Amino acid sequence: LQGQITDSMLCAWAKDTDGCQGDSGGPLVVTGNAPDQDLLVGVVSWGLGCAEEEFPGVYSRVSAQHDWIREQVCGLSTEPPDYLQCTGQMKFTAPPSPRPTTPKPTAPLPTYSPLPDGRKRLLVVVTLDRYPEDTGWSLATLDGSDVIYENPIGTYEGYDKFKSYEYNFEVDGNLFYQLKVKDHFADGFGGTIDVHDGAVISSKTRIVHEPGFSEVSGKEVSHVFFVGEVPENMLTLVLDFDDWAEEVAFELKDSRGNMLALEWFGSFPSGTESATVEIPIYGYETGDQIYNLTFWDSGSDGFCCGGGYTLFLGSPEENNMLKRGGDYGAGEKFQFIIEGSAPSMSPSSSPSARPSTQPTNVPTVSQQPSTTMKPTFAQIGDPTEVIAQLNEDRGSINQASSSAGVQNWRGRVHLVYVLGSATTLLLLLV
């Protein structure tokens, strides 16, 4: 663990007492002689196991974030406490000046005129981390032919750390768009970026949430999302949780590594019984598409005790079911193909049928329904290795300090909210 414990963290240990799964954000308090003398010194972050004698719990050090906390409280509270010594009116949000070659972000307005048919509004909210100058991002159409807006690395040089900025756009509807988030030194992004459908900030309007990434994700992460009412095609994932919904995480990526959906540990609060996630995917005109769906479980027991997941192509009806599972221990990863409208070769064990580094023995979803073959999926990799793969794919972010955590990582949510519906097709056995 050399280098894992930073100055923005602190460790605490007591016999048979520790924070554990579901305790993220909980307080570490030094008690005083009276309740008003209690002092908050830490916030539950991560650890190796729970209540281990040889490894204490790790907490975000509140004192290391004092300046940021003061900025937020003084800027947003109408009656900040006296001990923060807030002075004057502190402005929290102000959009940065754009480059001359890019469109200027507009400030939010209380009302908007109706848009022409086929046009949609998007609101992008960027919250910077400790090193604003290292962050860049861009919004473009999926094929990259139209870069709607770009703030390259260096744009935020001189801007206040941890501040939030809003950008409004009008785009064509019924299209896929790509949000890329970049970090100059590839050592992680500790801020957040949200994309909202419309001009109102709400959990119901949020269609993309990038909560930050660590150095293991490299210099860039990419989200792909659909803007519009009805995508041409869609996956529906139905989740029936056990008693520990907060332990479940999953991710859907295309063959290029773009995230179409990713819900991280803690996305579903403890006690959640079930959830349905609708994920727009590419239409058939784009040709054959390979998708990779990965599940993780921080408790290493999958959907135990009668829980599980069911994946459907289209609406959640029995004849649309592609795969059902849940008893996967630490996790599982499987890959499948949805065939496009262009002619394609039949799957075989020969790699020449599809020049790719991906395994060729994967299931295929065909445009033509079949009543003679049942859907199957090929699992990729050893499920016992999936928790290790978690760190390879995304890394671990401590929300308050932007420092990497390991193993029992408790503090981060990564959520893509997806909308839409589509026609359904059946799965053919490869």
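## Strand pairing

Two strands pair if DSSP finds at least two bridges between them. In this predicted model, strand E5, which spans residues 119-127, pairs with E8 in the antiparallel sense over 9 bridges.

## The four-stranded sheet

E5 and E8 belong to an open sheet of 4 strands, whose order is E8-E5-E11-E12 and whose pairing is antiparallel. Strand E8 (164-172) and strand E12 (206-210) form the edges, each pairing on one side only. From one strand to the next, the twist averages 15 degrees.

## Aromatic pairs

The structure holds 26 aromatic pairs. Among them is the edge-to-face pair of Trp68 and Phe162, with 5.9 Å from centre to centre and 75 degrees between the planes. This pair links distant parts of the chain, since its members lie 94 residues apart: Trp68 is in helix H1 (residues 66-76), while Phe162 is in the loop between strand E7 (147-151) and E8.

The two residues may also be described by their accessibility. Phe162 counts as buried because its relative accessible area is 12%, and buried means under 20%. Trp68, with a relative accessible area of 33%, is partly exposed.

## Aromatic cluster and a charge over a ring

Ring pairs also join Phe241, Phe250, Phe268, Phe295, Phe303, Tyr309, Tyr328 and Phe334 into a cluster. One of these residues, Phe334, has the charged end of Lys323 over its ring, at 5.2 Å from the ring centre.

Conventions
Residues are numbered from 1 along each chain as its sequence is written. This is a predicted model: local features need pLDDT of at least 70, side-chain atom pairs count only at pLDDT 80 or more; totals for chains, interfaces and linings use all residues. Side-chain values use heavy atoms; hydrogens and water are left out. Helices (H or I, at least four residues) and strands (E, at least two) are DSSP runs, numbered from the N terminus. Axes are lines fitted to C-alpha atoms, for helices over the stretch in contact, and angles run from 0 to 180 degrees between N-to-C directions. Rings of Phe, Tyr and Trp (its six-membered ring) pair if their centres lie within 6.5 Å; planes under 30 degrees apart count as stacked, over 60 as edge-to-face and the rest as tilted. Buried means under 20% relative accessible area, exposed over 50%, partly exposed in between (1.4 Å probe, protein chains only). A charge sits over a ring if NZ of Lys or CZ of Arg is within 6 Å of the ring centre and within 35 degrees of the ring normal.
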